[in-house]
Structure formats: structure tokens, C-alpha cells
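Trainee: I would like to learn how to read this structure one feature at a time. Please give the general idea and then the case.

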Amino acid sequence: MQLDTFKYDNKIVKAFAIATTIWGVVGMLVGLIIALQLFIPALSFNLEYTSFGRLRPLHTNAVIFAFIGNAMFMGIYYSLQRLCKSRMFNDTLSWINFWGWQIIIVLAAVTFLLGITTSKEYAELEWPIDVLIAVVWVVFGANMIMTIIKRREKQMYVAIWFYISTFVTVAVLHIVNSIAIPVDLVKSYPVYAGVQDALVQWWYGHNAVAFFLTTPFLGLMYYFLPKAANRPVYSYKLSIIHFWSLIFLYIWAGPHHLLYSALPDWAQSLGTVFSIMLIAPSWGGMINGLLTLRGAWDKVREEPVLKFMVVAITAYGMSTFEGPLLSLKGVNAFAHFTDWIIAHVHIGGLGWNGFLIFGILYWIVPKLYKTELYSKKLANYHFWVGFLGIVFYASAMYWSGVTQSLMWKQFTPTGLLQYPNFLETVLQIVPMYIIRSVGGLLYILGVLVMVYNLYKTMKQGKFVENEEAQAPALDKKPEKFEISKPHKWIETRPVQFTLLATVAILIGGIVEFIPTFLVKTNIPTISSVTPYSPLELQGRDIYIREGCNNCHSQLVRPFRSETERYGEYSKAGEYVYDHPFLWGSKRTGPDLMRVGGKYPNQWHYHHMIDPTTMSPGSLMPPYPWLANKTLEISNTGTKIRALQKLGVPYPEGFDQIAIDVLVKQAEEIALELQGQGIDVTAEKEIIALIAYLQRLGRDIKATPVVAN
Amino acid sequence: MRNIFKLRIVFALVLLNFSNIFAAGDFDADAYVNIAFLIFLGFLALITFVFLIGHSKSGSEEKAMLATILHKINDAKPVEKEEEILFDHEFDGIRELDNNLPPWWKALFYITIIWSAAYLVYYHVFGSGPSSAEEYANEVRQAEIAIAAYTKDNVLINLSNVTLLTDAGALSKGKIIYDKNCATCHGNYGEGLVGPNLIDPNWIHGGGIKDVYKVVEQGVVEKGMISWKSLLSGKEMQEVSSYVINMKNNEVPAGVVLKPAQGDIIVEPESE
């Protein structure tokens, strides 16, 4: 048979490897800064650009999409070429993928600091960047699928199955969750409102974890682990079963982020049961990884690459067991909104993704440079300091989460909350916040040691830009279907494989979305709930800009400990005009669902300028710029029109008079504040924010609930 | 060996942290949480086990035994015989084995599927499981019963039986409550900030113990005074109200700005 000679593109792999380390350091440093801000509020420097609410999305997006994203591309571009015995389909597409992704990251960093955000977690980027992401992602996918199609290997290896499902699902998730009506270049309103927006967002949020942080890295595990250990993969059967069950079941589990919320009970239950059913498929990946190391455990002791991978796979097993556990109603009631969840995601992020990436980097860089790793000793040092970092981080956050929840729920015998002042429950866990940041610091130290080690490795080796390889040309005839080995058929047909994977990942979303969107009883309306006034709407957009939702929820769950603290539990009908929903996922501060009318305007004014004046010891950063900046009102009409298009029942022609209505309401509030001796004028942003906060949760109090 | 030592230190640290949670004392932890943590500890033990296999000396008896156990529970071909189930294809040098699915893994998968079906049937087909709203109603009902039982045995202070306290002990307790909750709006000395002056002779809502208690208990929400009913017990509201009435007798340092008087002058608040 004739042998083809071709060259692997190593340059693109090197580019992604460098981007991975740079963004990794940046993303983790931002994480460390916000960890410190939680007990040293002065580190927000009283600047709007560096306040917690803006830095937190920067941290999450930087580590997910910049660090882990670049690492994913690095691993796929390296392994795919070798598994297909072919260079990437098109070099130009490869470089559009690379530079496009880096431009998106820089745009993300700039816009987040400027307060340009949609508020939807891990999808905070505004619509022009969303469009760019979609384009770059499709370029990546097209390049990948075409490479697979022109491969010189008859069967597609299991790693490729995972890559394909990653591409397809992320595309679907990103597009569906990002559909919005633009107001201008930097502001849009999502087409979904309230409960529906929450369902779509957490379908996205949960499956971003599944298909951006999990499936591509399982694929990478299936390539790099057997390569590094030089052992055959444990079970081909297990690969098949756990792959298909994983991608099919994962997509359903999103509602477990919304247990005890205003989401209909049936949808919540689907979230629970599909999470439980996910244990085995997830563990299938862990088992297949760990058991591949049978007979190679002596190597694990010697080889830092394998050490990192073993901890990564174990962390994967832990968090995919803990996730379903947290989806049980009782556990969720206890853990949701607390630091427990922060611990959970960091076991996944620091352990699974981080350590797997470090293992791959330690393996790939010497290969690209045709040399050995500069120092195994430093890599071992990195391993231990990183591992300790995770232990410190996670144990502090577990402890803190449990403490918080117990304090929030504790009643006195007379039926009062034991800790009615939320601040008490915050100050109690400050020591844990300090230990957590020590953990984070250790982890970053390890990464810096790795950067040095890899740099020295690069220096001592010689980079091979185009690596020559040989393989026989592909025998174009795909396998016929045989009942004894049914999966062989699809393994030789990339197009059919992609289509089948797409069907598998669409079913869960469709079953959950359609009834929630179409069946009216799922969202009982409440007649006293009316749209926001123009001033409140502008105030809400400031709330979003400042990222208040990163620390404050707007969802009172049906527990006595919450209704005593915050008031009546939240009803689906209260959110029907919320584009986007602002339920939040974490209570670093108290819930704000019903804060309207709880405090006087002047309390809010003083509290925003310096929270410690109204809540001594508060860890909330000050927002002094809100009293200096003038509210942008010229876009009010456009905003009203955009919302009218989405079905918010503002009267016909309201956009024409919206500014007058806004000014009138602002003047009333300003006048009252001036009467209290506060030096403020009606056109300042703080007036709009106060108007919004005072509106929160009041509609339901106005008249009794009427459900239809 | 050194690595095993390090591992032990790490796990000791983790366990120490967990034990602290339980030692936290007077909280009644949810049963679920205890279970969750026990499972979690079990998991940590499992990781230790996996590590120990990795770290035990090759060729040792201990290792051979562990390997046999693993092959048994996983229904796996031993490493020495794996040639029999090695596929002939390879991908960039990666080979694959045709091991069976581990039986315990299959069982786990089946159990979770059966459990899930039962869960949905229980909650949504037969409707035997309570909805979120029903769960909430139950929780409130049970709390009401418990509180009623408690109040039957203990006399609680309320608006109808509250009296003015003048003993130093009660007043100093009142001061602690005041400093923690009231001073941000009414000033450290009652001089008035956002909220009204409390040390002039004027009272907006009356200056008797019942008047003050009522304002504390119910608030004056339209003016920003919140209701403290869910935050303070009856006794605490009695203590802080008594302290507030007594505040005018405290010394106010020079330089503290007094908020202008509001409301009617009540020279002698009636006491009862």
C-alpha cells in the first residue's frame, strides 16, 4: 500500500500552549484578587473598574474560556492531527481560530471592566462578542470536521467522539442562550424573561460545564493518558457506553441549579433524576482512565505527568459524584447559595481541568521541542504545592458553606432567627475566606513554577514547526454494519456520527423548554405585577452593570428560614418582565428579592456611598461613583421599544414620554433625599438604582395574588 | 515513602477540618448533610486506597493482593493475560482492550435509573411526594406547633404585658442591643441621624413604654423604621425600649450634633 508523507502543524499547538499559560496566570491572579477583596474590601480601590461585581465575571470567564479554552484547543489540535494521521484541514482556519479566540478574550476583559455585561453567568459577554464567538467556534468546528473527513485512519478513536460532541453542543448552547434584542452596541435584552430565562441560562450554564469543561477533557484524557502511561485503554465497551449515556443524560440536568426556585416542580424533578443517572456515565470516564493505569502504577510514582493526571481524574470522580449529591432536594436546600458550591466547582476547576492541563503541558512541550522536561523535581514541587492549594481551598470553602447554611437556618425556641442580621453570618466565615486565599496563592505559586520549568524546557530544546509523518492513504470504504459490532459502523462515518450526537444532545433541552414556554399553568400570572418604570429599568441596568447579582440573589426559596428573613417566597409570576432574570447563584450578601420598602431612600444612599456607615463591618465594596455619574437617559425610548418587542406591555407610544416619566420620578426621589440634607441631584445614577431597589418585590404586596 | 508521608499529612488536615464542622456544637445539622459528609469521607478513603496501590512497592505481596481484588470486583482480565483481549487496531500508538463493563458499575447505573423512575412516579404520577409549596406549608405548621408548646411553658413579653425596666442589668442589655441595631440610624447617643432624635423631650409616636415598644415591634415602615418583630425577641424589644426611654439621662459628649426635635413634647411619659 502506498505511504503518504505529510506534516503535522506544531506551530498552532505551540501558540495555544503559550496562550494557555499566559491566560492561566492572568485568570488565577484575578481570582486571587477577588478572594482577597472578600475580606479586604479596600482592595476594590473605590474604583468602578476593579470592584468585585465586575472582576468576578472576569475571573470565571478568564479561567473557563481563556485558560481552559486555549488548553482545549491546544490538546485537540495536537491529538486530532495524530489520531487522523493528517495535518489540520486548513492552516488559515487554524489561525483564525487562534487569533479570533485571543481577540475575544481581550474584548471580554475590556468590556467586563467597563461594566458591559448581560449578567447571565458564563455568558456575560454582550451580543457583538457573542456573534464573534459563534463565528470563531464554527471555524474551529469546520476545520475539525473537515480534518476528520479527510483522515488516513479508518476508525474514529474515542477522543474524537468527545471532540465532535463538544463542538456541536457548545454551538447549540451558546446560540440558544445568547439570543437577545440589541439596544445598542453594548447593551441587549435577552428574549427570554424570568423563569424561562432562568431555565435556558442554567441549561446553558450546566452544559457549559458538561461540554466545555468535561467532554473535551475526557477526549484529551483518552489521548494523553494512554500515551503518557504507554498502556492500552482499559475497555472499549466502557468508552462506548459511557460516551453516549453521558452526552444524552447531561443535557437534561440543568434544572438542578434551580431546585426550590419558581421553576415548575416537574422540571426541577427532571433536574434531580437526570443528575443521579449521570453518576455512572461520569464515573465510566474515571474508571476507564484509572484502570488504564493498571500495571503502570510504578510509573505514576516517578512521572509527574501521570501524577497530575491521576489527581485530575480522581477530582473528576469526586465532583461528578458530589454534583448529583447536591441535586438531591435535601442537600440542595442546605448547600445552594453557600460557599459549598464554590468548593464544588473548584474541585472541578482546580483539580480536574487544572491538573489535567498541567499534565498535558508537561507532556506536550518536551514533545514539541524534541527534548526532555527541564526539571522533574520542579514539576513534583508544582504537584505538591498545587495539591495542597486545592486542599486548603476546598476544605475552607466546605467549612464556610456549612457554617453559613447552619447559621442562616437556625431558629430560637420562640421562632425567631438566631442570626437575623445577615452580616453576622458573613463575619463568622472571614477566617475561612483567608484560608481560601492562601490555598489560591499556593496554587498560583505552583503554576508560576510550571511556567519557569516549561520556559527552560523550551530553551534547551529545538522546536519542530512542521513534524513529518507517514501513513498509508485511507481505504475509503467504510465498515459495513455488523450486528456483532454495531458501533464500528458509526465510527467510520463522521457525518452520521455528528448528526446522531446532535440528536442525542437536543432531546433533553426540547422536552424541558417547550412545556415551560407554551403551557400557561407553568408560569401563573399575577395581576398586580406590572412592568418597571423607565427610571427603575435604568436602575436595573445599573444593577446589572455593577454585577450586583454576583453576590445578591433575587430568589426567596420556600423555607421558613428564608421567608422569615426575606419575606414571602418567590412566585414565577413575579418575574415575567425580568429580561434578564437576576436570581443569582450565590449569597455573599443577603437576598434582595423583597428589599423594596425595607429601608428608606437615604439609607440606600448612604449604604451605596459607603456600606459600613449603615452596616458596620460590612464587606460590600463602596460605590461612590454612582453619586457622581450622570444617568444616560437618551436611550430610554429605545430600551422601552426593545422590551415592547419582547412582549412587555408598556402602552403604545410610551417610549415617547418615557424620559419625562423618568425625570419626574427621579426628581421626587432627589427632593426627598435633599430634604434629609443629602447633596444629590435628580440626574445622578444612584437615584435610578435606589428607585429600582425600592421597587423590588413590592408588586406582590400591592394586592392579593391572583393566579389563573 | 516520603510521598506517602506527605499524603497522610494532607488527609489529616482535611479530616481535621471536617471534624471541626461537627464540633461546631449547638447547630442541629440536617441528616442529609451528615450523610453527604460521610459519603465524602468514604470517597477520600477511596482516593487514599488508589494512591496506596500506586505507592506500594512493585512486586510486593500487598500489591499483588490489591491487584487481585481490583480484577475481581471489576471482572477484568489480569494484566498478564490482556493480550487475549487486545484489539488489533491502534490509533497513533494507542491500543484498546476489550474488558467487560465492571459489574458494580453496571449495577450502579441500573439502580440510579430505577431510583429515578421511582422518584418521578412518587412525586409526579401518584403525587404522593409533597410539592415545594406543600413542604413549605408543613414546615410552617410544625414550627407553629413547636412555638406554641414553648410559649405555653414560658411567659413571653408582648405589647399587652410589656413594662418599663429600670434596673441597671436590663438597661445595659438594652444598650448592647441598641448599639448593635439602632445606633446606625439614631446615633450612638440617640442624637438622631437618619432616624429621629431620641433624647429630646419630643416623641412622634408617644413616649410611654408601650408606645416605644410598639414602634420597635411594628416599625414605621413608610418612614424607614423597620419592624424588629422577626429580629428581636419580646424580651429584647422590652430591654431596648426601656433603654431608649432612659437614654436622655445619659451624658452626651460635646460636639455631637443633635437632630432638631420632631413630634409633640411629652414631659412625663406615663410609665406603667
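Mentor: Helices (H or I, at least four residues) and strands (E, at least two) are DSSP runs, numbered from the N terminus. Axes are lines fitted to C-alpha atoms, for helices over the stretch in contact, and angles run from 0 to 180 degrees between N-to-C directions. Here the axes of α14(A) and helix α16 (residues 430–460) of chain A come within 7 Å and cross at roughly 160°.

Trainee: How are α14(A) and α16(A) oriented to each other?

Mentor: Angles under 35 degrees count as roughly parallel, over 145 as roughly antiparallel, 65 to 115 as roughly perpendicular and the rest as oblique. α14(A) and α16(A) are therefore roughly antiparallel. The crossing of α14(A) past α16(A) is left-handed; a crossing has that name if the near helix is turned anticlockwise from the far one by less than a right angle, and is right-handed if clockwise. By class, their contact holds 19 nonpolar, eight polar and one charged residues. Ala, Val, Leu, Ile, Met, Phe, Trp, Tyr, Cys and Pro count as nonpolar, Asp, Glu, Lys and Arg as charged, and the others, Gly among them, as polar.

Trainee: Before we go on, how are residues and chains labelled, and what is left out?

Mentor: Residues are numbered from 1 along each chain as its sequence is written, and chains are lettered from A and ligands numbered from 1 in the order in which they are written. As the model is predicted, local features need pLDDT of at least 70 and side-chain atom pairs count only at pLDDT 80 or more, while totals for chains, interfaces and linings use all residues.

Trainee: At what angle do α2(A) and α5(A) cross?

Mentor: The axes of helix α2 (residues 52–84) and helix α5 (residues 158–178), both of chain A, cross at roughly 130° and come within 10 Å. The two helices are therefore oblique to each other. α2(A) passes α5(A) in a left-handed crossing. Ile76(A), Ser79(A), Leu80(A) and Leu83(A) in α2(A) meet Ala159(A), Ile160(A) and Tyr163(A) in α5(A), where two residues are in contact if their C-beta atoms, placed from the backbone, lie within 7 Å. The contact of α2(A) with α5(A) has six nonpolar, one polar and no charged residues.

Trainee: How do α6(B) and α9(B) cross?

Mentor: Helix α6 (residues 168–181) and helix α9 (residues 234–246) of chain B have axes that come within 7 Å and cross at roughly 95°. That makes α6(B) roughly perpendicular to α9(B). Among the residues that meet are Lys173(B) and Lys175(B) in α6(B), and Glu236(B) and Glu239(B) in α9(B). This contact divides into seven nonpolar, three polar and four charged residues.

Trainee: How many residues does each chain bring to the contact between the chains?

Mentor: Chain A gives 74 residues and chain B 69. On the side of chain A, helix α14 (residues 376–409) gives the most, with nine residues. That side has 47 nonpolar, 16 polar and eleven charged residues.

Trainee: How do β2(A) and β3(A) run?

Mentor: Two strands pair if DSSP finds at least two bridges between them. Strand β2 (residues 180–184) and strand β3 (residues 187–190) of chain A run antiparallel and are joined by four bridges. They form a hairpin with two residues between them. Asp184(A) stands opposite Lys187(A) in β3(A).

Trainee: Which backbone values need a second look?

Mentor: Most residues other than glycine have a negative phi, and most peptide bonds are trans. Phe337(A) has a positive phi, near 75°, and is found in the loop between α12 (329–335) and α13 (339–368) of chain A. A cis peptide bond joins His579(A) and Pro580(A), with omega about -5°.

Trainee: What is the mean pLDDT of each chain?

Mentor: pLDDT is the predictor's confidence in each residue, from 0 to 100. Chain A has a mean of 94, with 99% of its residues at 70 or more. For chain B the mean is 81, and 76% of its residues reach 70 or more. Over residues 19–28 of chain B pLDDT stays under 50. Where pLDDT is low, the predicted coordinates should not be read in detail.
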